[in-house]
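User: I have just opened this one and have not looked at it before. Could you walk me through it, a piece at a time?

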Amino acid sequence: MSTQQKIKFNIFQHELVPKHSILTKDEVEDLLRRYRIEKYHLPKIRVRDPAALLIGAKPGDVIRIVRRSPTAGLAVFYRFVVGG
Amino acid sequence: MVLETYKNVTGIKFGLLSPHEIRKMSVVEIRTADTYDEDGLPIPTGLMDSRLGTLEPRQRCATCGNTATSCPGHFGHIEFAVPIIHIGFVKYIQELLTITCRECGRILIPTDKVEEFQNRMEQLKKAFGEVSKDFFDSIKKEARKRSECPHCGSTQYRIELIKPTSFYEYQKDGGVTRLDPSIIRSRLERIPDEDLKLLGYDPSLARPEWAILQVLPVPPVYVRPSITLETGIRSEDDLTHKLVDIIRINERLKEAIASGAPTVIREELSDLLQYHVTTYIDNETSGIPPSRHRSGRALKTLSQRLKGKEGRFRLNLTGKRVDFSARTVISPDPCLSIDEVGVPIDIAKKLTISERVTPWNIEEMKRLVANGPDNYPGALYITRPDGRKIRLDFVTDRSRLVDELQPGYIVERHIRDGEIALFNRQPSLHRISIMAHRVKILPYKTFRLHLAVCIPYNADFDGDEMNLHIPQSEEARSEARLLMQVQDQIISPRYGAPIIGSTRDFLTAAYLLTRKDTYVDREQLYTLLAAIGYDGEIPSPAKIEPEPLWSGKQVFSLLLPKDFNYFGRAAVCKHKHTSPDEDCPLEGVVVVKNGQLIKGVIDKNSIGAERAETLYHRIVRDYGTAFAAEFLNKLCRLLNTFISIRGFSFSLDELNLPDNVKESIRQVIEESEKTVRQLIDEYRKGTLRRIPGKTMEESLEILIMNELSKARDRCDEIASSSLSLDNQGIVMVRCGARGSELNVGHMTACLSQQSVRGRRISCGYIERALPHFRWGDQSPKARGFIESSFYKGLSPIEFFFHSMAGREGLIDTAVRTQQSGYMQRRLIHALEFLRVEYDGTVRTTNGEIVQFKYGEDGVDPSKSDHGKAVNLQRLLERMDIKEGKTPLRLSEINEILEKYSNRLTHFYILSLRKLIRDKHLSREDATRLVEATVEEFEKSQVDPGEAVGVVAAQSIGEPGTQMTLRVFHFAGVRERDVTLGLPRLLEIVDARKNPSTPIMTIRLDEEHRVDRDKAFKVAQSLTYTTVSDLTAKGEYRIDLEEGVVRIKIDRSLMESRGVTVEDLKNLTITNATLEFSGDELIIKPKSAMDISWLKRLVNRVMKLSVKGTPGINRIQVVTEGNEWVIQADGSNLSGVIQVPGINPARTLTNNIYEIYETLGVEAARNAIIREAKDVFEGIGGGLDLDIRHLMLVADVMTNTGKIRQVGRHGVTGEKSSTLARAAFEITVSSIIDAAVRGVEDTLKGVTENIIAGQDMKVGTGIVDIYMTPNPPSRGE
């Protein structure tokens, strides 16, 4: 690969990667109240996950993911950022 | 009825028994290593001591005074002379010894850090609900670092475990001492409770020193019953044998200690005792010989009793034996209704239902009791109100009982017609393997069932047996009736289309009946109408002269609802007709208008099972399942009667092709043999076209196989085109009843190439398949090509080849069933605890969310229309909404939709908007449509409690047996091998890091995708090329005089791989300089080297990368639509997306783990769904599967942010329930781990509750009383 110049690629442009965004404190509160859960009941995502890294998520954050869905068109998903 | 108290087990706690507890629960100390004396009486303090319980029928237990049936059994104990290590806890003992101080017992972490860890632990408990194993592991790692105790300052020594049970300590002076179990015990005793908590142990339930046994509990006799053989000889249980050994050695050791025997003898004896105790607990411990029975069979001791398929967990706890069940051979009966089951009268006399006597049924009950057990309908038992049960078999004078009978008595009577029963055929791969039928008592000895339900049960009548269960309680019966009846199962949850429908001869009959030239006369018509019990109007005959005749279509139409409209295509015609107005010579256009079949024939595409969007499917959707079931009943009876009148048979003569056709088939075969000969010639001369990336031999094979398969296709085509629909075989094939064109070809034209492992037959002798051929004979005949047809008959050699291929098929099926069965077991255990909650989320039974909405739109596939909640087109037709003239303005449409935006998915909002605009709907029509859509959408939502995990697991696992096993070869144009079918599916659910055939699809950017040459350039730049790829067979020359190595570079290879001279000049390596001049790459070592070093250096140079992306091997540039796409063998996503010229956003790989690493979990989840979907769609037409099932599996696999395998090392292994893990694969170690940590299994999942024998909190079990007397405000 010595002769090739490398290009930096933003993974959010990839067709497999949906949009990720960090929830605000209020939004998290709201989410937890809506489903009557604690944070650890949410699906998880690692801090080292490329997508989480790119939006600068920290452990303890909750990420909103807007998926393109073959059934619903658009679907919202949440993940709780954990270490490791 | 006797009042029953229901008790629920809410949890099972695991822990260790302390010596104190063992002694406390013991009723006798066992000291005698013997069982019975000469008189056959149990020896006191022996292993069969009567205080442990009694096995003799009329004897009473010496402890509790109960008889054998009601005595629970009592434990005894053995006092050990020396402490003995429990083999199961060795791992934990070693761990504790190495991380605690040998003097003071404290954990080897300074106090301040201990406090820090304690605080962290509290925090974690708050943040995650529980503390993960990783946290404890990090503490243990921290403690292992120190060789001096931070608390008392004493030096720590290295502890080594010599398996299975000996511990050694390496002192500083080099001395090694063996740690006696009593020393270990005293060290473990010193560890304070606080420190143990920090390590994840629960000292209140399991002090570590209890893992070293001083006392051994002796299980009651019921656990190890002795059997009296016919000869009168007693045979003891394996556990008793082992206990005898233990006691014998223990007593000898006690004596030795008491008499002050030498240490050597004492040690020898304690080692022997240790051995016996170890094998008593686990007789498969590695490193020691298993203890054996006199016959040489290894003993089945405690661990073996629990483990594996035949162990307690899988055999007795998750699978239980039941009463009120029957099993016999099945046979067909088209006269039954689809929801009936014919039960032989002999079985009906054994199966009962308990019915309470009331004033309203007392006469009936009296009659039943009078009839007794042997006269149907009768009764087997009666229960008096005081609870006394009387077996009518033993009553000689039943008339007295008849007189005694009065309200309040319970009669267990024979089952009768109409009773609800569960009918099942194993393997129960999906929920429709068990359905509720209505009982119909019939003569003879077999269960009878309707042919249409053979598909869900996967039953045939070649000797299959099935099981019948009679639900006993009122609740069970109503649940069965409301949820499990056959008509409620017509729509398969796997793909949302009918799985129960017409098959085989019914399809043939339907085709023959509805064909253009089928007419029935008055007599036949009346026979047919009588068969379906038709009492409506007789339609006017289609033909009046010479006698009144009715067309088959008219007869069929009688079954259809009067307002039914339908347009579809028949299976007989291969053309893709798109309009109901088209004409088709084969009657392929099926049109139903107002309940009349106007044109078209009815075949598999209209009424077949396992088909979506058929006429039958429409009827099920629009008129309900009860109507559909009745429709199917009548249809089958009608067709059955019709084909009985008409008759249908397939004769041998119909397989005899005309001579001219035979001749042309012969010519085709001859021609292709000639082509093959030419190919072989070309190969020998070396002029054969080489397929890129293949050797010459492989290329030849591929070309020959292509040629021969082309020949086969031609032959089949010629044969089938010479046969018409007058041919009964063709009729069956075309209408989808049985067989395929291929089968017809095999019977009439030629059997063509036989293959073993996807290749032509080659094994057997050296260079040839059979000794009848010459060495190296590549001709079709010598390698398994069969020219004959089944009609003509096979020559002996052909027959042999055919048998080889046939054998492979059998093996394949056997292997496949095993693999897919195991895959399904894993899927079930990984997904069983998922359910839909009342808020629409999918959660584990512990409350963790897996999906925020089931399938992202909350639609239940079994309530959907082939995966869609609403079929808008169909809705328009049904509501009779016509196309309008003027389109509504967008703002108006949006206004209508706005109201419902939170009740519909994004998908339907978009679809509706488009539909309203395109069809120019009026405002009223649009509103009506939207409202109807919302209504249907909400009707198709999943019910709370639905066990969606199990449904998904079944839906994915069940078709597994139908999948191909072999790696698929794309022969011909796209020469690449891709793993498909079951092996690929296994790769996906196993979450393997490297798929067996990694493949990338690389799309190009704007500039490069349209131009072939530019695309080719990019492709060349991607191919990974090393120095050795540029040499002819890796040739090099060592020049000893100059001390250099010369590697010969092949210029043509350089060109084909797009390598420039520059590329080669830029190569560097440590310890040597590289020079490229002429056609040679010269390696000059920086210092003198001997030959072996030089060779090593050459190897390194050969592996040197010249250009390209590592991992990308073979590359092809293909067109896809109007762009050029690169298909690459091998995968390296992170490398490829950085290469200029490609479009990284649309570049894909089939390596899911790579996607996870470079693009993240969410992308990996999408990749899992996509790859799995490809597997199901990939195989010839595809296996239908709703995508929601795959989505659920993908969401479970990625739930923790990592990709978890479906199985022991992933989802199931991480389950919180100890019992669920024990029931899966990790039996003994999960239980031991739970004991040490003092875990409580809260019985929330499904497996646990099955083990405990109570309702699981899934499905109807989710219903419970929830009450909060004083609702706490949030935050409290």
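**A first walk through the model**

Analyst: Just after helix 1 of chain A, Arg36(A) takes a positive phi of about 50°; helices here are DSSP runs of H or I with at least four residues, strands are runs of E with at least two, and both are numbered from the N terminus. This is a predicted model, in which local features need pLDDT of at least 70 and side-chain atom pairs count only at pLDDT 80 or more, while totals for chains, interfaces and linings use all residues. Residues are numbered from 1 along each chain as its sequence is written, and chains are lettered from A and ligands numbered from 1 in the order in which they are written.

User: What else is in chain A, and in which pattern?

Analyst: Chain A has 2 helices and 4 strands, which follow the pattern β-α-β-α-β-β along the sequence. Its radius of gyration is 15 Å, well over the 12 Å of the globule rule for 84 residues, so chain A is more spread out than a compact globule; the radius is taken over C-alpha atoms, and the rule is 2.2 Å times the number of residues to the power 0.38. The C-alpha trace of chain A spans about 55 × 30 × 20 Å along its principal axes.

User: What order do the strands of the open sheet in chain A have?

Analyst: The order is 1-3-4-2, in an open sheet of 4 strands with mixed pairing, where two strands pair if DSSP finds at least two bridges between them. Strand 1 (19-22) and strand 2 (44-46) of chain A are the edge strands, each pairing on one side only. Strand 1 pairs with strand 3 (residues 62-69) of chain A in the antiparallel sense over 4 bridges, and Ser21(A) has Arg64(A) in strand 3 as its bridge partner.

User: Changing topic, how do helix 2 and helix 4 of chain B cross?

Analyst: The axes of helix 2 (residues 90-99) and helix 4 (residues 133-144) of chain B come within 8 Å and cross at roughly 50°; axes are lines fitted to C-alpha atoms, for helices over the stretch in contact, and angles run from 0 to 180 degrees between N-to-C directions. The two helices are therefore oblique to each other, since angles under 35 degrees count as roughly parallel, over 145 as roughly antiparallel, 65 to 115 as roughly perpendicular and the rest as oblique.

User: Which residues make that contact?

Analyst: Helix 2 of chain B gives Glu95(B), Thr98(B) and Ile99(B), and helix 4 of chain B gives Lys140(B), Ala143(B) and Arg144(B), contact being C-beta atoms, placed from the backbone, within 7 Å.

User: And how many residues of chain B are in contact with chain A?

Analyst: In chain B, 46 residues are in contact with 40 residues of chain A. The largest share of that side of chain B, 5 residues, comes from helix 39 of chain B.

Definitions and conventions: Contact = placed C-beta atoms within 7 Å.
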